[in-house]
Amino acid sequence: MRQRSKTCVDVVTADPKVQNGYFTLYDATSKPYLAYCDFNSDPGFAWTLVESLSLPNARSSTFRKSFFHNVPSNECSPNWSSYRLSKVRMTSLKNSPSSSHFRATCNFNSHNPKGLQNRRDYLRISFCAYHFFLQARNVHTCTTVDYINIRGHSCRKCSVPLFSSNVHHLLIHLPQSKVACSRYTVPNMVATEDGFGHYHKINVQFSCTANSTTTTNWWIGGAVF
C-alpha cells in the first residue's frame with residue numbers, strides 16, 4: 001500500500017519525476033486536503049504553499065496576524081490572492097520529519113514550469129534557526145538566514161530581525177535590520193518599510209508590493225535526497 005504523503009517532499013520522494021502542481025496531502029489527523037507543491041524553483045528542495053496573499057489582502061486586518069492565529073482562507077480551493085492553510089495543517093507540515101525550512105517569495109507563477117525566474121525578493125530560513133514560525137513572538141529576534149534578497153541586495157548566512165505579533169504578520173522590519181543583528185541594509189527604504197508581510201508602508205520597488213495584484217507567498221519545505 002502506497003504511503004500517504006504529508007508534505008510535498010514526500011510527494012517528490014515517491015515520484016522524482018513529478019512536476020509542480022496541486023496534490024493531495026494528509027494532515028496529522030489523516031484528513032486529506034489539496035495543496036500546491038513547488039519542486040522546481042529551488043533545486044534540492046520541495047515546498048508546500050501555506051499562504052499566498054495579494055497586496056490588499058496582505059494589508060488587511062484579517063491577515064495582519066502571525067501564523068500563531070488560525071485564519072484559514074480558501075483551504076478547499078487554493079489560489080494566489082487569498083489563501084492560507086489552517087494552523088492545524090501548518091503545524092502538521094512543520095512537525096513532519098521531512099520539513100526543515102520555511103521561505104517567502106513574491107509573485108510565484110504557477111503557469112511557469114520554474115515558478116520563479118530568479119531569487120530576487122526571496123527569503124529562506126531553517127526551523128533550526130528560527131523556532132517561532134507558529135508563534136506570536138512580539139519581539140525582534142535575530143535569525144540567521146540561509147539566504148535573503150530584497151530589491152537585489154542579498155546575503156547568505158547573515159542575521160536579520162524577524163518579528164510577528166497578534167497584529168503583525170511575520171516580517172522583517174528593514175529600519176530595524178539596518179541597526180541590529182548583522183545590520184543587513186537595503187538602500188532606498190521607505191519609512192517603516194516591512195519585508196514579506198504586514199506592509200504598513202509600500203515600496204513599489206519591492207516586487208511583493210509593486211501593485212494591487214502582486215502576491216506574497218509563504219511556504220514550508222525541506223531538502224530532497
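In strand S2, Pro32 is the bridge partner of Tyr26. The model is a predicted one, in which local features require pLDDT of at least 70 and side-chain atom pairs count only at pLDDT 80 or more, while totals for chains, interfaces and linings use all residues. Residues are numbered from 1 along each chain as its sequence is written, and side-chain values use heavy atoms, with hydrogens and water left out. Strands S1 and S2 pair in the antiparallel sense over 6 bridges, where pairing requires that DSSP finds at least two bridges between two strands. Strands (E, at least two residues) and helices (H or I, at least four residues) are DSSP runs numbered from the N terminus. The hairpin of S1 and S2 has 5 residues between the strands, and Ser30 in this hairpin takes a positive phi near 70 degrees.

Strand S2 (residues 32-38) also contains Asp38. Asp38 counts as buried because its relative accessibility is 0%; the term buried denotes under 20% relative accessible area, with exposed over 50% and partly exposed in between (1.4 Å probe, protein chains only). The side chain of Asp38 makes polar contacts with the side chains of Asn20, at 3.2 Å, and Ser41, at 2.4 Å. A polar contact is a pair of N or O atoms within 3.5 Å; within protein, one atom must be able to donate a hydrogen and the other to accept it, and residues adjacent in sequence count only if both atoms are side-chain atoms. When residues up to four places away in sequence are not counted, Asp38 touches Asn20, Phe45, Ala46, Trp47, Arg103, Phe108, Lys114 and Trp219, contact being defined by heavy atoms within 4.5 Å.

A further element is an open sheet of 4 strands, ordered S7-S10-S11-S12 with antiparallel pairing. Its edge strands, S7 (141-144) and S12 (194-195), each pair on one side only. Strands S10 (residues 159-165) and S11 (residues 168-173) are joined in the antiparallel sense over 3 bridges, and Leu162 stands opposite Ile172 in S11.

Grid points are joined across faces, edges and corners, and a volume is the space filled by probe spheres set on the points. The search of the whole structure finds 1 cavity of 30 Å³ or more. The largest cavity holds about 40 Å³ of space and is lined by Glu51, Leu53, Ala58, His169, Phe196, Gly197, His198, Tyr199, Thr216 and Trp218. Strands S3 (45-54) and S13 (215-223) each supply at least two residues of this lining, which divides into 5 nonpolar, 4 polar and 1 charged. Nonpolar residues are Ala, Val, Leu, Ile, Met, Phe, Trp, Tyr, Cys and Pro; Asp, Glu, Lys and Arg count as charged, and the others, Gly among them, as polar.

The largest pocket contains about 280 Å³ of space. Of its 14 lining residues, Gln3, Arg4, Ser5, Lys6 and Asp10 are the closest to its centre. Helix H1 (8-14) and strand S1 (21-26) each supply at least two residues of the lining of the largest pocket, H1 giving the most with 4 residues.

Key. 1 Å grid on protein atoms, 1.4 Å probe; cavity = no way out; pocket = protein on both sides within 12 Å on 5 of 7 lines; lining within 4 Å.
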